[in-house]
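Student: I have a sequence and a 3D structure to look at. How do I read them together?
Tutor: Let us take one feature at a time.

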Amino acid sequence: MAKVSKKRKEALAKFDLTEVRSLQDAAKVVKEITFTKFDASVDIDVRLGVDPRKADQMVRGVATLPHGTGKTVRVLALVTPDKEAEATAAGADFVGLDDYIAKIEKGWTDIDVIITMPAVMAKVGRLGRVLGPRGLMPNPKSGTVTTDVAKAVQEVKAGKIDFKVDKTGIIHTSVGKVSFTEDKLAENALELIQTLQRLKPSSAKGTYIKSITLSSTMSPGVPVDTQVNSAK
(Lines give C-alpha, C1' and ligand atoms only; values in the text may rest on other atoms or scores of the structure.)
Protein backbone atom coordinates (compact mmCIF):
# COMPACT_ATOMS: atom_id res chain seq x y z
CA MET A 1 0.00 0.00 0.00
CA ALA A 2 1.31 3.45 -0.91
CA LYS A 3 2.39 5.57 2.03
CA VAL A 4 0.18 8.60 2.72
CA SER A 5 2.25 11.73 3.38
CA LYS A 6 1.79 13.83 6.50
CA LYS A 7 0.43 16.78 4.49
CA ARG A 8 -2.03 14.55 2.65
CA LYS A 9 -3.24 13.11 5.97
CA GLU A 10 -3.79 16.66 7.23
CA ALA A 11 -5.69 17.54 4.07
CA LEU A 12 -7.89 14.43 4.19
CA ALA A 13 -8.72 15.14 7.85
CA LYS A 14 -10.19 18.51 6.91
CA PHE A 15 -13.09 17.28 4.75
CA ASP A 16 -15.32 14.32 3.95
CA LEU A 17 -14.17 12.69 0.69
CA THR A 18 -17.67 11.35 0.06
CA GLU A 19 -19.52 14.66 0.46
CA VAL A 20 -20.65 16.32 -2.77
CA ARG A 21 -20.41 20.10 -2.61
CA SER A 22 -21.35 23.25 -4.49
CA LEU A 23 -18.62 24.83 -6.61
CA GLN A 24 -18.02 27.56 -4.06
CA ASP A 25 -17.82 25.14 -1.12
CA ALA A 26 -15.46 22.89 -3.10
CA ALA A 27 -13.25 25.89 -3.92
CA LYS A 28 -13.17 26.82 -0.23
CA VAL A 29 -12.09 23.29 0.75
CA VAL A 30 -9.39 23.18 -1.95
CA LYS A 31 -7.93 26.43 -0.61
CA GLU A 32 -7.96 25.02 2.94
CA ILE A 33 -6.25 21.73 2.05
CA THR A 34 -3.47 23.15 -0.14
CA PHE A 35 -0.12 23.30 1.66
CA THR A 36 2.26 24.08 -1.21
CA LYS A 37 4.76 26.90 -0.75
CA PHE A 38 3.99 28.15 -4.28
CA ASP A 39 0.72 29.48 -5.73
CA ALA A 40 -0.69 26.15 -6.89
CA SER A 41 -3.01 25.80 -9.87
CA VAL A 42 -6.61 24.81 -9.21
CA ASP A 43 -7.74 22.11 -11.64
CA ILE A 44 -11.10 20.70 -12.60
CA ASP A 45 -11.80 17.19 -13.87
CA VAL A 46 -15.14 16.57 -15.55
CA ARG A 47 -15.97 12.97 -16.46
CA LEU A 48 -18.31 12.91 -19.45
CA GLY A 49 -20.66 10.20 -20.62
CA VAL A 50 -19.18 10.12 -24.13
CA ASP A 51 -17.15 7.69 -26.21
CA PRO A 52 -14.14 9.72 -27.47
CA ARG A 53 -13.36 6.96 -29.99
CA LYS A 54 -16.41 8.11 -31.96
CA ALA A 55 -15.80 11.27 -33.98
CA ASP A 56 -19.28 12.64 -33.24
CA GLN A 57 -18.64 12.38 -29.48
CA MET A 58 -15.24 14.09 -29.39
CA VAL A 59 -15.91 17.05 -27.10
CA ARG A 60 -13.53 19.92 -27.78
CA GLY A 61 -13.86 23.66 -27.42
CA VAL A 62 -12.76 26.90 -25.85
CA ALA A 63 -13.92 28.88 -22.83
CA THR A 64 -12.96 32.37 -21.72
CA LEU A 65 -12.63 32.29 -17.95
CA PRO A 66 -14.06 35.51 -16.46
CA HIS A 67 -11.14 35.87 -14.04
CA GLY A 68 -8.36 34.40 -16.20
CA THR A 69 -6.15 31.46 -15.27
CA GLY A 70 -3.62 33.31 -13.14
CA LYS A 71 -0.88 31.99 -15.39
CA THR A 72 1.48 33.95 -17.60
CA VAL A 73 0.72 32.57 -21.05
CA ARG A 74 3.57 32.80 -23.57
CA VAL A 75 2.09 33.38 -27.03
CA LEU A 76 3.85 32.91 -30.36
CA ALA A 77 2.17 34.55 -33.36
CA LEU A 78 3.24 32.98 -36.65
CA VAL A 79 2.13 35.64 -39.11
CA THR A 80 3.00 37.38 -42.35
CA PRO A 81 5.07 40.60 -42.07
CA ASP A 82 2.02 42.85 -42.53
CA LYS A 83 0.44 41.36 -39.36
CA GLU A 84 3.52 41.50 -37.13
CA ALA A 85 2.89 44.98 -35.64
CA GLU A 86 -0.74 44.05 -34.96
CA ALA A 87 0.23 40.85 -33.13
CA THR A 88 2.91 42.62 -31.11
CA ALA A 89 0.51 45.40 -30.08
CA ALA A 90 -2.02 42.76 -28.96
CA GLY A 91 0.52 41.31 -26.54
CA ALA A 92 2.14 38.36 -28.33
CA ASP A 93 5.46 37.43 -26.72
CA PHE A 94 7.06 36.19 -29.93
CA VAL A 95 6.16 37.34 -33.45
CA GLY A 96 7.47 36.20 -36.81
CA LEU A 97 7.28 33.32 -39.26
CA ASP A 98 10.16 31.63 -41.06
CA ASP A 99 12.73 32.21 -38.29
CA TYR A 100 10.43 30.72 -35.65
CA ILE A 101 9.43 27.82 -37.89
CA ALA A 102 13.13 27.01 -38.24
CA LYS A 103 13.61 27.23 -34.45
CA ILE A 104 10.66 24.89 -33.83
CA GLU A 105 11.98 22.42 -36.39
CA LYS A 106 15.17 22.30 -34.30
CA GLY A 107 13.13 21.53 -31.17
CA TRP A 108 12.30 24.94 -29.64
CA THR A 109 8.89 24.85 -27.91
CA ASP A 110 9.31 27.34 -25.05
CA ILE A 111 5.76 28.66 -25.52
CA ASP A 112 2.24 27.90 -24.31
CA VAL A 113 0.06 28.84 -27.30
CA ILE A 114 0.69 29.37 -31.01
CA ILE A 115 -1.64 31.59 -33.01
CA THR A 116 -1.43 31.74 -36.76
CA MET A 117 -3.42 32.60 -39.89
CA PRO A 118 -4.94 30.42 -42.64
CA ALA A 119 -2.59 31.94 -45.24
CA VAL A 120 0.50 30.40 -43.61
CA MET A 121 -0.90 27.06 -42.47
CA ALA A 122 0.89 25.31 -45.34
CA LYS A 123 4.17 26.28 -43.68
CA VAL A 124 2.98 25.70 -40.12
CA GLY A 125 1.50 22.32 -41.01
CA ARG A 126 4.90 20.71 -41.40
CA LEU A 127 5.56 21.37 -37.70
CA GLY A 128 2.91 18.84 -36.69
CA ARG A 129 5.46 16.21 -35.68
CA VAL A 130 6.99 18.61 -33.12
CA LEU A 131 3.90 20.52 -32.01
CA GLY A 132 1.26 17.79 -32.08
CA PRO A 133 2.55 15.66 -29.16
CA ARG A 134 2.92 18.82 -27.05
CA GLY A 135 -0.62 20.05 -27.73
CA LEU A 136 0.71 23.19 -29.42
CA MET A 137 -0.54 22.69 -32.98
CA PRO A 138 -2.81 25.58 -34.02
CA ASN A 139 -6.38 24.54 -34.83
CA PRO A 140 -9.31 26.52 -36.28
CA LYS A 141 -11.68 24.84 -33.78
CA SER A 142 -9.75 26.32 -30.86
CA GLY A 143 -9.55 29.74 -32.48
CA THR A 144 -5.78 29.61 -32.92
CA VAL A 145 -5.96 29.68 -36.72
CA THR A 146 -7.71 32.94 -37.58
CA THR A 147 -7.61 36.03 -39.76
CA ASP A 148 -8.08 38.20 -36.64
CA VAL A 149 -4.77 37.46 -34.98
CA ALA A 150 -4.89 40.46 -32.61
CA LYS A 151 -8.23 39.41 -31.15
CA ALA A 152 -7.04 35.82 -30.70
CA VAL A 153 -3.89 36.96 -28.88
CA GLN A 154 -5.89 39.26 -26.58
CA GLU A 155 -8.38 36.49 -25.73
CA VAL A 156 -5.64 33.99 -24.85
CA LYS A 157 -3.88 36.57 -22.69
CA ALA A 158 -7.19 37.38 -20.96
CA GLY A 159 -7.89 33.77 -19.94
CA LYS A 160 -9.19 31.85 -22.95
CA ILE A 161 -8.53 28.13 -22.54
CA ASP A 162 -8.63 25.27 -25.03
CA PHE A 163 -9.85 21.88 -23.81
CA LYS A 164 -10.39 18.43 -25.28
CA VAL A 165 -11.81 15.22 -23.82
CA ASP A 166 -9.12 12.58 -23.30
CA LYS A 167 -9.37 8.94 -24.30
CA THR A 168 -10.95 8.05 -20.94
CA GLY A 169 -13.76 10.59 -21.37
CA ILE A 170 -12.36 13.22 -18.98
CA ILE A 171 -11.91 16.96 -19.49
CA HIS A 172 -8.97 18.19 -17.38
CA THR A 173 -8.00 21.84 -17.23
CA SER A 174 -6.97 24.65 -14.89
CA VAL A 175 -9.51 27.20 -13.62
CA GLY A 176 -7.22 29.48 -11.63
CA LYS A 177 -4.79 29.65 -8.73
CA VAL A 178 -5.14 28.92 -5.01
CA SER A 179 -4.61 32.65 -4.39
CA PHE A 180 -7.91 33.39 -6.18
CA THR A 181 -10.99 33.98 -4.02
CA GLU A 182 -13.55 31.20 -3.70
CA ASP A 183 -15.98 33.26 -5.80
CA LYS A 184 -13.51 33.68 -8.66
CA LEU A 185 -12.60 29.98 -8.72
CA ALA A 186 -16.27 28.97 -8.65
CA GLU A 187 -17.21 31.40 -11.42
CA ASN A 188 -14.34 30.23 -13.62
CA ALA A 189 -15.32 26.58 -13.07
CA LEU A 190 -18.97 27.37 -13.80
CA GLU A 191 -18.02 29.00 -17.12
CA LEU A 192 -16.23 25.82 -18.19
CA ILE A 193 -19.08 23.54 -17.09
CA GLN A 194 -21.70 25.63 -18.88
CA THR A 195 -19.55 25.58 -22.02
CA LEU A 196 -19.36 21.77 -21.80
CA GLN A 197 -23.13 21.58 -21.40
CA ARG A 198 -23.59 23.61 -24.60
CA LEU A 199 -21.21 21.25 -26.41
CA LYS A 200 -23.09 18.07 -25.49
CA PRO A 201 -23.06 15.79 -28.58
CA SER A 202 -26.54 14.84 -29.80
CA SER A 203 -25.34 11.23 -30.08
CA ALA A 204 -24.33 11.05 -26.39
CA LYS A 205 -26.88 8.96 -24.47
CA GLY A 206 -27.52 8.66 -20.75
CA THR A 207 -25.88 10.88 -18.15
CA TYR A 208 -23.66 13.47 -19.82
CA ILE A 209 -21.79 14.95 -16.85
CA LYS A 210 -20.96 11.95 -14.67
CA SER A 211 -18.68 13.56 -12.11
CA ILE A 212 -16.87 16.81 -11.33
CA THR A 213 -13.82 17.10 -9.10
CA LEU A 214 -11.90 20.19 -8.01
CA SER A 215 -8.32 19.97 -6.76
CA SER A 216 -5.08 21.91 -6.54
CA THR A 217 -1.70 20.80 -7.89
CA MET A 218 -0.98 18.49 -4.92
CA SER A 219 -4.29 18.23 -3.05
CA PRO A 220 -6.87 15.43 -2.91
CA GLY A 221 -9.88 15.87 -5.20
CA VAL A 222 -13.06 17.44 -3.81
CA PRO A 223 -16.31 16.09 -5.36
CA VAL A 224 -18.68 18.69 -6.84
CA ASP A 225 -22.43 18.39 -7.41
CA THR A 226 -22.99 17.56 -11.10
CA GLN A 227 -26.33 19.45 -11.10
CA VAL A 228 -24.50 22.76 -11.39
CA ASN A 229 -26.57 25.83 -12.21
CA SER A 230 -24.70 28.51 -10.28
CA ALA A 231 -21.32 29.13 -8.71
CA LYS A 232 -22.81 29.22 -5.19
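## Reading contacts in the model

Tutor: Start with a pair of side chains. Asp162 and Arg60 form a salt bridge, with 3.5 Å from N to O. Keep in mind that this is a predicted model.

Student: Why does the pair of Asp162 and Arg60 tie together parts that are 102 residues apart in sequence?
Tutor: Look at where each partner sits. Asp162 belongs to strand β6, residues 160-164. Arg60 belongs to strand β2, residues 60-64.

Student: How many salt bridges does a search of the whole structure find?
Tutor: The search finds 11 salt bridges. One of them joins the side chains of Lys83 and Glu86, at 3.7 Å from N to O. Glu86 is partly exposed, at 32% relative accessibility.

Student: Which residues are linked in a network of salt bridges?
Tutor: Arg74, Asp110 and Asp112 are.

Student: Which residue meets Lys160 in a salt bridge?
Tutor: Glu155 does, at 3.1 Å from N to O. Now check the surroundings of both partners. Lys160 is buried, with a relative accessible area of 16%. Glu155 is partly exposed, with 27%.

Student: Where is Lys160, and what does Lys160 touch?
Tutor: Lys160 is in strand β6. Leave out residues up to four places away in sequence, and the contacts of Lys160 are Val62, Ala63, Thr64, Ser142, Gly143 and Glu155.

Student: Next, helices. How do the axes of α2 and α8 cross?
Tutor: Read two values: how close the axes come and at what angle. Helix α2 covers residues 23-32, and helix α8 covers residues 182-198. Their axes come within 8 Å and cross at roughly 125 degrees. That makes α2 oblique to α8.

Student: Is the crossing of α2 and α8 left-handed or right-handed?
Tutor: The crossing is right-handed.

Student: Which residues in α2 meet residues in α8?
Tutor: From α2 come Leu23, Gln24, Ala27, Lys28 and Lys31. From α8 come Glu182, Asp183, Leu185, Ala186, Ala189, Leu190 and Ile193. Sorted by type, the residues of this contact are seven nonpolar, one polar and four charged.

Student: Now a single residue. Where is Val228, and is Val228 buried or exposed?
Tutor: Val228 lies in the segment after β9. Val228 is buried, with a relative accessible area of 11%.

Student: What does Val228 touch?
Tutor: Again leave out residues up to four places away in sequence. Val228 then touches Leu23, Leu190, Ile193, Gln197 and Ile212. Among these, Leu23 in α2 also meets α8, and Leu190 and Ile193 in α8 also meet α2. Val228 and Leu190 are 38 residues apart in sequence, and their C-alpha atoms are 7.6 Å apart in space.

Student: How far apart are Ser216 and Asp39 in sequence and in space?
Tutor: Always read the two separations side by side. Ser216 and Asp39 are 177 residues apart in sequence and 9.6 Å apart in space, C-alpha to C-alpha. Ser216 is in strand β8. At 3% relative accessibility, Ser216 counts as buried. Not counting residues up to four places away in sequence, Ser216 touches Val30, Thr34, Ala40, Ser41, Val42 and Val178.

Student: What about loops? Are Ser219 and Pro220 buried or exposed?
Tutor: Ser219 is in the loop between β8, residues 209-216, and β9, residues 222-224. Ser219 is buried, at 10% relative accessibility. Pro220 lies in the loop between β8 and β9. Pro220 is buried, at 2% relative accessibility.

Student: How far is Pro220 from Leu17?
Tutor: Along the chain, 203 residues. Between C-alpha atoms, 8.6 Å. For Ser219 and Thr173, the values are 46 residues in sequence and 15 Å in space, C-alpha to C-alpha.

Technical notes
Residues are numbered from 1 along each chain as its sequence is written. This is a predicted model: local features need pLDDT of at least 70, side-chain atom pairs count only at pLDDT 80 or more; totals for chains, interfaces and linings use all residues. Side-chain values use heavy atoms; hydrogens and water are left out. A salt bridge is a side-chain nitrogen of Lys or Arg within 4 Å of a carboxyl oxygen of Asp or Glu. Helices (H or I, at least four residues) and strands (E, at least two) are DSSP runs, numbered from the N terminus. Buried means under 20% relative accessible area, exposed over 50%, partly exposed in between (1.4 Å probe, protein chains only). Axes are lines fitted to C-alpha atoms, for helices over the stretch in contact, and angles run from 0 to 180 degrees between N-to-C directions. Angles under 35 degrees count as roughly parallel, over 145 as roughly antiparallel, 65 to 115 as roughly perpendicular and the rest as oblique. A crossing is left-handed if the near helix is turned anticlockwise from the far one by less than a right angle, and right-handed if clockwise. Contact means heavy atoms within 4.5 Å. Ala, Val, Leu, Ile, Met, Phe, Trp, Tyr, Cys and Pro count as nonpolar, Asp, Glu, Lys and Arg as charged, and the others, Gly among them, as polar.
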